[in-house]
Amino acid sequence: MRIRWSASAPRHAPSGRTGRRPWRRALRRALATAVVLTLPTPVYACHPQLAPPDAPTPWPAAYAHRWQWQWQLTGPVDVTVDADVFLLDAVGVTAEETAALRRRDRRLICHVPVGSYADSDPDAGRFPSTVRGAAVREQTTRDRQRRWLDVRRWDLLGPVLADRFRLCRGKGFGAVALVDADGYAQRSGFPLAFDDQLVFNRRLAALARSLDLSPGLVDDVGQIAALAPDFDFAVSRECVRLNRCAKLLPFTDAGKPVFHVEFTGDPAAFCVTTLGYGFSSIRKNRELDAERQPCRLP
């Protein structure tokens with residue numbers, strides 16, 4: 001290693017041991033610094049590094065079938081749950097709770113109704129009567145007061161949903177799960193066609209990416225084959241009970257995670273099926289509180 005002398009420093013040290021010590025100490029410090037800089041950085045295989053708050057959540061394909069997850073929408077968020085991924089409500093969760101989860105290197109998915117609204121939503125008044133439809137068929141206790149929206153009216157829905165996504169981003173989420181994104185297959189009160197829903201969902205995926213959020217699709221099993229390239233992950237409710245788990249294979253075949261939940265049945269029974277498909281599965285109460293029974297990996 002070459003040491004550069006400053007212009008004011010003498011080129012030759014004075015005679016004697018005392019004069020040689022300063023440059024020897026400088027040499028030792030330089031060599032020690034070089035050794036530290038060349039030490040390898042450890043790589044953690046079990047939990048891929050979390051993206052910073054201003055970046056979308058990554059989902060490494062090699063880890064797609066190994067995520068442990070939690071879905072909680074009611075009650076104070078239990079940040080101690082042993083899960084890698086948390087699906088939470090943007091309105092109910094606090095910035096302190098999301099910060100606590102991020103400090104523990106947890107991935108955060110924001111639960112966002114995109115095809116429905118409820119009178120209790122803070123932004124309910126932004127939806128004009130022309131886009132308000134029939135009641136959503138109950139999926140969970142939380143859905144009882146929700147109504148479908150006319151997804152053909154992107155001009156009216158787009159700005160409101162963009163603000164819902166921005167709320168997620170502001171609270172530290174790196175991903176969004178699009179809930180009620182299948183109104184075309186329901187009794188929505190509107191003559192929604194397959195292509196109407198397809199266009200709407202793809203617009204939402206693009207909107208999420210433009211806001212540095214990773215988009216995920218909740219249910220909408222009839223369009224999974226078409227939409228899997230546009231989304232980074234899927235969330236499935238009761239695919240075992242409804243006998244439709246195989247329809248989610250376009251995600252797992254592409255190395256993308258599928259987060260699956262059942263509200264009834266013995267996990268010891270349905271886990272055999274869903275682990276075989278490569279899903280990350282749990283059993284939950286329909287209230288979606290903190291209680292959960294995960295499928296453990298072999």
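The following legends describe close-up views of a predicted model. Residues are numbered from 1 along each chain as its sequence is written, and local features need pLDDT of at least 70, side-chain atom pairs count only at pLDDT 80 or more, and totals for chains, interfaces and linings use all residues. Side-chain values use heavy atoms, with hydrogens and water left out.

View 1. Lys284 lies in the loop that joins strand S11 (280-283) to strand S12 (293-294); helices (H or I, at least four residues) and strands (E, at least two) are DSSP runs numbered from the N terminus. Lys284 is buried, a term for under 20% relative accessible area, with exposed over 50% and partly exposed in between (1.4 Å probe, protein chains only). Lys284 has no salt bridge, and the nearest side chain of opposite charge, Asp289, is 4.6 Å away. A salt bridge requires a side-chain nitrogen of Lys or Arg within 4 Å of a carboxyl oxygen of Asp or Glu; Lys and Arg count as positive, Asp and Glu as negative, and His and the chain ends are not counted.

**View 2. Polar contacts of the Lys284 side chain.** The side chain of Gln70 forms a polar contact with that of Lys284 at 3.0 Å, and the backbone oxygen of Glu291 is reached by the Lys284 side chain at 2.8 Å. A polar contact is a pair of N or O atoms within 3.5 Å; within protein, one must be able to donate a hydrogen and the other to accept it, and residues adjacent in sequence count only if both atoms are side-chain atoms. Not counting residues up to four places away in sequence, Lys284 also touches others (heavy atoms within 4.5 Å), including Trp71, Val261 and Phe263.

**View 3. The sheet of 9 strands.** An open sheet of mixed pairing runs in the order S1-S2-S3-S7-S8-S9-S10-S11-S12; two strands pair if DSSP finds at least two bridges between them. Strand S1 (69-72) and S12 are its edge strands, each pairing on one side only. Strands S7 (residues 175-179) and S8 (residues 214-218) are parallel partners over 4 bridges, and Leu178 has Leu217 in S8 as its bridge partner.

**View 4. The sheet of 3 strands.** Antiparallel pairing gives an open sheet of 3 strands in the order S4-S6-S5. Strand S4 (116-118) and strand S5 (132-135) each have a single partner strand, so one side of each is left without a neighbour in the sheet. S4 pairs with strand S6 (residues 146-149) over 3 bridges in the antiparallel sense, and Ala118 stands opposite Arg146 in S6.
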